[in-house]
Amino acid sequence: MSWALVDELQRRFPEVEPFPRPQPPQAGAHPGEEPGAAPPRAAPARGHGAGQAFAHHVPGAWVPAGRLVEIARTLRDEAPFQLDYCSFVSAVDWPTDGVFEVVYHLFSMARRHELVLKVKVPRERPVVPSVTGIWRGADWFERETYDLFGIVFEGHPDLRRIMMTDDWVGHPLRKDYVYEDPRWLVELAAQRQREVEGLGLGERA
């Protein structure tokens, strides 16, 4: 894992914001610590950007949504990146800050290194360009993120639910999600109750 990839990405795209990275071990480290060992992971802040130090142990950066496709193409096609595999797309919900972070995990089969990208989008209009034209494997990951968070991947070839039923109300991984029984489940429960009553198996006193 090389933070040099992040430095090179920022050199080409100055608007990229690198993740906070672990600091090198200081002189006079505690006894028993191995030289060059990563420092303990700081406790995550409460809420997005709450000011408490947090170091990312996988190299990565925040990128603007408007440059995502251009940056993604560079990361796939050009040295030293050659990140030809998108292994996962997901999101993090920060309702108190009114944003989602869309997260992309990228890997290079040839060079055996990885990089994480994050894109911030507003919760009131969560739209981000699809990267399926760059990494075809992002297709179902984007659909899953759309299904569970309600984030729209503009330009996706077939953006529809993949886990929940088509008539499902809401997006279950949003932190303000409130469950509602879908119509088919209500109708099924009612039908089963009628069947039970028809067999004389209703509730007994």
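In this predicted model, helix H2 (residues 68-77) lies across strands E4 (99-107) and E5, and runs at about 175 degrees to E5. Strands E4 and E5 are themselves antiparallel and are joined by 9 bridges. Within this pairing, Leu 106 stands opposite Leu 115 in E5. The two strands form a hairpin with 6 residues between them, and Arg 112 in the turn has a positive phi of about 60 degrees.

Both strands belong to an open sheet of 5 strands, ordered E1-E2-E5-E4-E3, in which the pairing is mixed. Strands E1 (17-18) and E3 (85-94) stand at the edges with a single partner strand each, so one side of each has no neighbour in the sheet. Helix H1 (residues 4-12) also packs on the sheet, where it touches E1, E2 and E5, and its direction makes about 50 degrees with that of E5. Strand E2 (residues 60-62) runs parallel to E5 (residues 114-122), with 3 bridges between them. Here Trp 62 stands opposite Lys 118 in E5.

Trp 62 and Lys 118 are also among the residues touched by His 56; the others, not counting residues up to four places away in sequence, are Trp 3, Phe 19, Pro 20, Arg 21 and Pro 22. His 56 is found in the loop between E1 and E2. With a relative accessible area of 14%, below the 20% limit, His 56 is buried.

A search of the whole structure finds 4 aromatic pairs. In one of them, the planes of Phe 19 and Trp 62 are at 70 degrees, so the pair is edge-to-face; the ring centres are 4.8 Å apart. This pair links distant parts of the chain, since Phe 19 is in the loop between E1 and E2 and Trp 62 is in strand E2, 43 residues apart. Lys 118 lies over the face of Phe 19, at 5.2 Å from the ring centre.

Trp 168 and Tyr 179 form a tilted aromatic pair, 5.7 Å centre to centre, with 55 degrees between the planes. Both lie in the loop between strand E7 (152-154) and helix H4 (183-198), so the pair ties together parts that are 11 residues apart in sequence. Elsewhere, the charged end of Lys 175 sits over the ring of Trp 94, 5.1 Å from its centre.

| Residue | Relative accessibility | Class |
|---|---|---|
| Phe 19 | 3% | buried |
| Trp 62 | 14% | buried |
| Trp 168 | 15% | buried |
| Tyr 179 | 43% | partly exposed |

How values were computed: Residues are numbered from 1 along each chain as its sequence is written. This is a predicted model: local features need pLDDT of at least 70, side-chain atom pairs count only at pLDDT 80 or more; totals for chains, interfaces and linings use all residues. Side-chain values use heavy atoms; hydrogens and water are left out. Two strands pair if DSSP finds at least two bridges between them. Helices (H or I, at least four residues) and strands (E, at least two) are DSSP runs, numbered from the N terminus. Contact means heavy atoms within 4.5 Å. Axes are lines fitted to C-alpha atoms, for helices over the stretch in contact, and angles run from 0 to 180 degrees between N-to-C directions. Buried means under 20% relative accessible area, exposed over 50%, partly exposed in between (1.4 Å probe, protein chains only). Rings of Phe, Tyr and Trp (its six-membered ring) pair if their centres lie within 6.5 Å; planes under 30 degrees apart count as stacked, over 60 as edge-to-face and the rest as tilted. A charge sits over a ring if NZ of Lys or CZ of Arg is within 6 Å of the ring centre and within 35 degrees of the ring normal.
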